[in-house]
Amino acid sequence: MTVEVALEARNLYKIFGKNPQDVVRRLEAGESRSDVADAGTAAVIDASFTVNKGEIFVIMGLSGSGKSTIIRMLNGLNPPTEGDVVVQGNSIGEASPKELREIRQRHVSMVFQHFALLPHLSVLDNAAYGLEIQGVGKEERRARAQEILEKVGLGDRSSAMPHELSGGMQQRVGLARALTAGTDIMLMDEAFSALDPLIRREMQEQLITLQQELGRTIVFITHDLNEAMFLGDRIAVMRDGRIVQNGTPEEILTDPANDYVAQFVQDVDRARVLTAASVMEQPTAVSTLHAGVRGALKVMRDRQASSVSIVENLKFVGAVTDRSVIRAVKEGRTDLRSLIENVQPTVHPDDPLTEVVDRSVESHVPVAVVDSTDRLVGVIPRVTLLAALGNVAPETRSIPIVDTVPAASAQELDLTLAAVGGGEAAVPAEAATEGGV
Ligand SMILES: Nc1ncnc2c1ncn2[C@@H]1O[C@H](COP(=O)(O)OP(=O)(O)O)[C@@H](O)[C@H]1O
Ligand SMILES: [Mg+2]
């Protein structure tokens, strides 16, 4: 798949002050925002990034970090002090005022935190307004607006006037206007920040659905990390005018570039963002089907594990627990295949931790991570899961622990091993996953 660039910011600076170029030189020489405060406000300092077609690119940072200034440079509302913005191959810096208007009408639309609807126009005409500016005829623009209003759940309110709608609904009309305008790129500045949390979550979900359906490119600004993590394919973190990290939500969570980002990510709902692959451990309590009961017992004893994952021809088969094996041997059953229970839940490497939590609740053995070819690529013991979730906010649901069956003692295992004639011949765990990890 080739990645097409929709938008590019190249070494953008925006200085508010008397001698902005001067300030840029000082910043280039290594001075900070506060160093140059005497000469002006360095709202944006040397910001570079590319936004790929069809992605949601989030710019996140505290209030005053320069987010709005960046977004206003992206659509040419604010000329950069230095640097350039390239929209679908066209340099904004080199565009004439006419070309700029054209870019804003056809290619880039904006949604703000408090989206100003035109009070004397109906919901339908407000949603159609972007098309009106583009010169699209009344009938067509109304038909297209109606279609989008349906999508944002306002199909039955199209003849209402703005003041008859709640704040959340008005914001949806704003979103509908931007979507109806049909621009490939949408810039959204704190577009959901004024909404109450439930509606906000709903809008976030709707935005993702619409974005997938309509294939738009979205630059979304927020000061809320959870929102950033939920929406962003990639996130640029801003601090004091600079982009301090740019990466996927997972990269930012697991490998924060500095203390500032780390502090930001401390209270995010990690379970929704982290994947099984990012926390899984190398499977060590692994045996093969052909190593039989003896092999399984030996691995459990050597690894001090109360369960063992069974693989065959590099494919995950299931798991057995120490208890079930001991019981079976006592009863004279020694065919490992018949002992394999559905005790080990599986997840895929890309599954979010929320999924792993759900599986983990059902079971007292580690969750197995199995790839698309059924190969066992990792395990997630409950302690690992809890450690990974360590920073979850208190309101995040707690993990109920199922009653764990006490593990068998080493002595019990040895006795059972002796009963099945166990020696040193068992297959080492490495052989079981050989070439597999
Ligand atoms: N027109 C302006 N004139 C002077 N200073 C400005 C102007 N716009 C923004 N600033 C300053 O630039 C900095 C970044 O502002 P802004 O981009 O609005 O941040 P954010 O959107 O992240 O809250 C702030 O210190 C703000 O006060
Ligand atoms: Mg702002």
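Where is the place of Leu 289?

Reply: One caution first: this is a predicted model. Leu 289 sits in the loop between S11 and helix H14, which covers 292–303.

Is Leu 289 buried, exposed or partly exposed? To be buried, a residue needs 20 or more other C-beta atoms within 10 Å of its own. Leu 289 has 19 within that distance, so it counts as partly exposed. Now look for Leu 336. Leu 289 and Leu 336 are 47 residues apart in sequence. In space, their C-alpha atoms are 6.7 Å apart.

S11 and S12 pair in the parallel sense, over three bridges.

S12 and S13 run antiparallel, and six bridges join them. Two of the facing pairs are simple to trace. Ser 307 has Thr 321 in S13 as its bridge partner. Val 308 stands opposite Val 320 in S13. Follow the chain from S12 into S13 and you pass through a hairpin with two residues between the strands. Asn 313 in this hairpin takes a positive phi near 50°.

How many residues of S12 are buried? Five of the six are, so S12 is largely enclosed by the rest of the structure.

Now zoom out. The domain assignment gives domain 1 as 5–107 + 183–268, and domain 2 as 277–433. The centres of domain 1 and domain 2 are 46 Å apart, taken over C-alpha atoms. The UniProt record, an unreviewed entry, lists residues 24–265 as "domain: ABC transporter". Over residues 24–265, the chain is 41% helix and 22% strand. The end C-alpha atoms of that stretch lie 31 Å apart.

There is another open sheet to compare by eye. Six strands form it, in the order S6-S7-S8-S3-S9-S10, with mixed pairing. S6 (108–111) and S10 stand at the edges with a single partner strand each, so one side of each has no neighbour in the sheet. Neighbouring strands of this sheet are turned by 20° against each other on average, direction ignored.

Take the S10 end of that sheet. S9 and S10 pair in the antiparallel sense, over five bridges. Ala 236 stands opposite Asn 246 in S10. Asp 240 lies in the loop between S9 (234–239) and S10 (242–247). Its phi is near 45°, a positive value in a residue other than glycine. Asp 240 has 17 other C-beta atoms within 10 Å, and is therefore partly exposed.

Asn 11 also has a positive phi, near 45°. This residue is found in a strand, S1 (residues 5–17). With 14 C-beta neighbours inside 10 Å, Asn 11 counts as partly exposed.

Last stop: ligand 1. The residues around it are Phe 16, Thr 41, Ala 43, Gly 61, Ser 63, Gly 64, Ser 65, Gly 66, Lys 67, Ser 68 and Thr 69. Strand S2 (40–52) and helix H2 (67–74) are the elements that give two or more residues to this shell. H2 gives the most, with three. By type, the shell divides into two nonpolar, eight polar and one charged residue.

To finish, go back to the starting point.

Note on methods:
Residues numbered from 1 in each chain as written. Chains lettered and ligands numbered in written order. Predicted model: local features only at pLDDT ≥ 70, side-chain atom pairs only at ≥ 80, totals over all residues. UniProt positions renumbered as here; feature names shortened; annotations may be inferred. Helix = DSSP H or I, 4+ residues; strand = E, 2+ residues; numbered from the N terminus. Buried ≥ 20, exposed ≤ 12 C-beta atoms within 10 Å, placed from the backbone. Domains from an automatic or database assignment. Near = placed C-beta within 6 Å. Nonpolar A, V, L, I, M, F, W, Y, C, P; charged D, E, K, R; others polar. Pairing = 2+ DSSP bridges. Axes fitted to C-alpha atoms, helices over the stretch in contact; angles between N-to-C directions.
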